[in-house]
Amino acid sequence: MSNFKICLLFMALAVTSTQIRGTDKPDEVPFKLVQGFGIVVHGQIGAMHDMNFLLDTGAVPSVLGQRAASQIGIWGAKGSLTVLNKDSQAEYVTVDEVELSWIRADHLPMVVVDLAHLEQRLGMRIDAIIGLDMFVGQDITIDYKHRKITRGLSGLARHWVAAETFSAAGAPYWVIPISLGGQAFRVLLDTGANDLGLFALRATTSFKPVKSETIAHGSATGEQRATTLPPMTLVLNDGKFKDQAAIVAGEAPRALREIDGFLGPRALGITRIELDWERKCLRWDTQ
C-alpha cells in the first residue's frame, strides 16, 4: 500500500535507482521508477534542458514548479485550485514549449505550484508534473519492467479494457470500469498513484464497515488520513485480482464528482500499460 499519491488531487513519491538519461532510440524515453510506481523523465521547457518531469495521467492540468517558473521568468493570472478538497489560489500560466523526446506541446496551460513538499519526500529536484494534456491522441506504451515509454502500441499486452475519455477544465481524463467486491465502479487511470482508492461517499455507501486502520495519503501541499477497506476481489474486464487492497481517499474533487475513485496500475502489479486513443482502449499486462 502506498504512502503517497502524485497529482494535483493526490500526489507523492520516493526515490529508487535507475538512469533516466538519453537513449539512442528516438521512439523511446527511459525513465526512473520511483518507489515502484512513479515515473520520472528528463524533459525540456523552452531553452531549459535536463529538467525532471513526473508523468502523472491523473494530473489536471500539468504542473510547473514555482522555482522553475521563476527561472523561466513566466507569470500568469491567479485562479482557484482544489487540492485534497481544499480551495486555494494558484497562478495559471501558458508555457510556450514543453518537450519530452518526441512528445512536444506548444502553448501548454500549466498551474504553478510549490513542489518543495514533494521534493523533500523525494530527495530530488522536480521541475514539473506532466499530465495527459501532453499526450492527447498519441498512442504510448509505458513499460514498467524495462522502464521506458515508447511511441505507439507494443502489441505485447495480453489484456485490455474499454476506457472512457472525457475532458474537465480543458484537460483529458481516462476512466476505467472495474468491479470490486461484486460492485461496479468507474475509476480514474492514475499513473501517479500506487493505490486503488475510492472517494469517501461512494466507498461508505458501498462497503460497511470500513476498517479503522489509517494511513498517510499525501499531496504536493500536505497530507490527509485515508482509511483502508478489507481486501476484496477486483475484476478488470478479463483480469481478476483476489484480495485486492483499497483505500478510502476523502471526498471527490469537484471536477471528478461523477467518478468513484482512482486506480494506480502498479497497485495491481501491472507491468505494462498502453493507451490506445483511437479505440479508447487501455491495454495492460502483468508479466
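**Reading the labels**

Both tryptophans, W174 and W277, are buried. The model is predicted, and every value here is computed from it.

Q: What makes the pair of W174 and W277 edge-to-face?
A: The ring centres are 5.2 Å apart, and pairing requires centres within 6.5 Å. The planes stand at 80 degrees. Planes over 60 degrees apart count as edge-to-face, so the label applies to W174 and W277.

Q: Why does the pair of W174 and W277 tie together parts that are apart in sequence?
A: W174 sits in strand β14 (residues 171–180). W277 belongs to the loop between β21 (272–276) and β22 (281–285). The two parts are 103 residues apart in sequence, so the pair ties them together.

Q: How many aromatic pairs are there by this rule?
A: The count is six. One of them is formed by F166 and Y173.

Q: Why is the pair of F166 and Y173 called stacked?
A: The centre-to-centre distance is 5.0 Å, with 15 degrees between the planes.

Q: Are F166 and Y173 buried or partly exposed?
A: F166 has a relative accessible area of 22%. Buried means under 20% and exposed over 50%, so F166 is partly exposed. Y173 has 3% relative accessibility and therefore counts as buried.

Q: What surrounds F166, and where does F166 lie?
A: F166 lies in strand β13 (residues 164–168). Leaving out residues up to four places away in sequence, F166 touches A171, P172, Y173, V175, A255, L256 and I259.

Q: What makes β1 and β12 edge strands?
A: The open sheet has six strands, in the order β1-β11-β10-β21-β22-β12, with antiparallel pairing. β1 (28–30) and β12 (159–162) each have a single partner strand, so one side of each is left without a neighbour in the sheet. On average, neighbouring strands of this sheet are turned by 15 degrees against each other, direction ignored.

Q: How do you know that β10 and β11 pair?
A: Strand β10 (residues 140–143) and strand β11 (residues 148–151) share four bridges, in the antiparallel sense. At least two bridges are needed, so β10 and β11 qualify as a pair. T141 has T150 as its bridge partner in β11.

Q: What joins β12 to β22?
A: Four bridges join these antiparallel strands. The bridge partner of W160 in β22 is R283.

Q: Which side chains of β12 are buried?
A: H159 and V161 point to one face and are buried.

Q: Why is N52 called buried, and what does its side chain contact?
A: N52 has a relative accessible area of 7%. The cut-off is under 20%, so N52 is buried. N52 lies in strand β4 (residues 48–55). Its side chain makes a polar contact with the side chain of H42, at 3.4 Å.

Q: Why is D56 called buried?
A: Its relative accessible area is 0%. That falls under 20%, so D56 is buried. D56 is found in the loop between β4 and β5 (62–65). A polar atom of the D56 side chain lies 3.2 Å from the backbone nitrogen of G192.

Q: Why is M134 called buried, and which residues does M134 contact?
A: M134 has a relative accessible area of 2%. With the limit at under 20%, M134 is therefore buried. M134 lies in the loop between β9 (128–130) and β10. Beyond four places in sequence, its contacts are V98, L100, I103, R104, A105 and L108.

Q: Which residues have the most contacts inside the largest nonpolar core?
A: They are I149 and L236, in a core of 61 residues. Strand β8 (residues 103–113) gives the most to this core, with five residues. A second, separate core has 14 residues, including V60, V175, F199 and A249.

Definitions and conventions
Residues numbered from 1 in each chain as written. Predicted model: local features only at pLDDT ≥ 70, side-chain atom pairs only at ≥ 80, totals over all residues. Heavy atoms only, no water. Phe/Tyr/Trp six-rings, centres within 6.5 Å; stacked < 30°, edge-to-face > 60°. Buried < 20%, exposed > 50% of the residue type's maximum accessible area, 1.4 Å probe, protein only. Contact = heavy atoms within 4.5 Å. Axes fitted to C-alpha atoms, helices over the stretch in contact; angles between N-to-C directions. Polar contact = N/O pair within 3.5 Å; in protein donor to acceptor, adjacent residues only side chain to side chain. Core = buried A, V, L, I, M, F, W, Y, C linked by side-chain atoms within 4.5 Å.
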